[in-house]
Amino acid sequence: MRILLDSHAIYWWTIGSDRLSTRARTLIEDKANSVLVSAVSFYELDNKMRLNKLDLKPQELRAAVTASGLQTLAISDLHAELAAAFDWDHRDPWDRILAAQARLEHCTFVSNDLVFDKILHERTW
């Protein structure tokens, strides 16, 4: 299974938070799955770290992703084009990119945010 993690999922997984659901943790840790972390999530989390909203350093996040064998997903022009074209009343540009990536890369999206149910068919938590 190919899965794409929402920004909060990768953060909670990295810090070992109980806020990450058992299902999400199982999917991330299952070596049979291809687990993707979007470049947009790195940007979003790095920005929150810079603003001291999260207790983690960017290099710690990257080290955890690398050590676990998770894959980074770059943002392509097709991702950007679909994100801009969505008929979706949701203004968060990072969420729009994540939704476009999940769709175009044929991934199940791992997020506790129900707003994605309006645009994605494959969201789990």
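Helices (H or I, at least four residues) and strands (E, at least two) are DSSP runs, numbered from the N terminus. The model is predicted, so that local features need pLDDT of at least 70 and side-chain atom pairs count only at pLDDT 80 or more, while totals for chains, interfaces and linings use all residues. Residues are numbered from 1 along each chain as its sequence is written, and side-chain values use heavy atoms, with hydrogens and water left out.

**Exercise 1.** Determine how far helix H1 is covered, and describe the residue that follows H1.

*Solution.* Helix H1 spans residues 7-15, and seven of its nine residues are buried (under 20% relative accessible area, with a 1.4 Å probe and protein chains only). These buried residues are Ser-7, His-8, Ala-9, Ile-10, Tyr-11, Trp-12 and Trp-13. After H1 comes Gly-16, which has a positive phi near 75 degrees.

**Exercise 2.** Describe how helices H3 and H6 pack, and name the residues that meet.

*Solution.* H3 (residues 39-50) and H6 (residues 93-104) pack at about 160 degrees, their axes lying 9 Å apart (axes are lines fitted to C-alpha atoms over the stretch in contact, and angles run from 0 to 180 degrees between N-to-C directions). That angle makes H3 roughly antiparallel to H6 (the term applies over 145 degrees). In contact (heavy atoms within 4.5 Å), Val-40, Ser-41, Tyr-43 and Glu-44 of H3 meet Trp-94, Ile-97, Leu-98 and Gln-101 of H6.

**Exercise 3.** Identify the strands that pair with S1.

*Solution.* Strand S1 (residues 2-5) runs parallel to S2 (residues 34-38), joined by four bridges (pairing requires at least two DSSP bridges), and Arg-2 stands opposite Ser-34 in S2. S1 also pairs in the parallel sense with S4 (residues 108-110) over three bridges, where Val-110 is the bridge partner of Leu-5.

Methods
Parallel < 35°, antiparallel > 145°, perpendicular 65-115°, else oblique. Buried < 20%, exposed > 50% of the residue type's maximum accessible area, 1.4 Å probe, protein only.
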